[in-house]
Amino acid sequence: MAPNFKNGQYVITEKFSQLLFGFQIGDAVIIKSAGGRKIIKRITAQIGYNYFVEGDNRGHSTDSRHFGPIDKKDIFDKVFCL
């Protein structure tokens with residue numbers, strides 16, 4: 001799958017819907033990478049309070065297949081593309 005977000009592209013993030021509805025499979029979210037940078041990944045599975053996230057360009061993405069599931073508290077915001 002080709003990337004939906006490109007470097008330098010503007011996105012809108014929000015927290016309100018996660019308070020009401022939580023995160024859903026398919027949501028694009030911002031998480032902190034191991035290097036401390038904020039990165040965009042897509043939720044592909046939920047395991048209790050943990051989420052499995054993958055990049056849209058799965059062949060060239062470092063994601064939960066490499067670093068495992070992430071905790072809900074490690075998700076900053078939900079992402080929308082402009």
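A contact is defined here as heavy atoms within 4.5 Å. In the chain, 46% of contacts with a separation of 6 or more join residues 24 or more positions apart. The model is predicted, so local features need pLDDT of at least 70 and side-chain atom pairs pLDDT 80 or more, whereas totals for chains, interfaces and linings use all residues. Residues are numbered from 1 along each chain as its sequence is written, and side-chain values use heavy atoms, without hydrogens and water.

The chain holds two helices and six strands, taken as DSSP runs numbered from the N terminus (helices, H or I, at least four residues; strands, E, at least two). Their order from the N terminus is β-α-β-β-β-α-β-β. The C-alpha trace spans about 30 × 30 × 25 Å along its principal axes. Of the 82 residues, 35% are buried, that is, under 20% relative accessible area with a 1.4 Å probe and protein chains only.

A pocket is an open set of points on a 1 Å grid over the protein atoms alone, where a 1.4 Å probe fits, with protein on both sides within 12 Å along at least five of seven lines; lining residues have an atom within 4 Å of a point. The lining comprises I31, K32, S33, A34, I39, T62, F67, I70, D71, D74 and F76. β2 (28-32) and β5 (70-71) each supply at least two of the lining residues.

Technical notes: Buried < 20%, exposed > 50% of the residue type's maximum accessible area, 1.4 Å probe, protein only.
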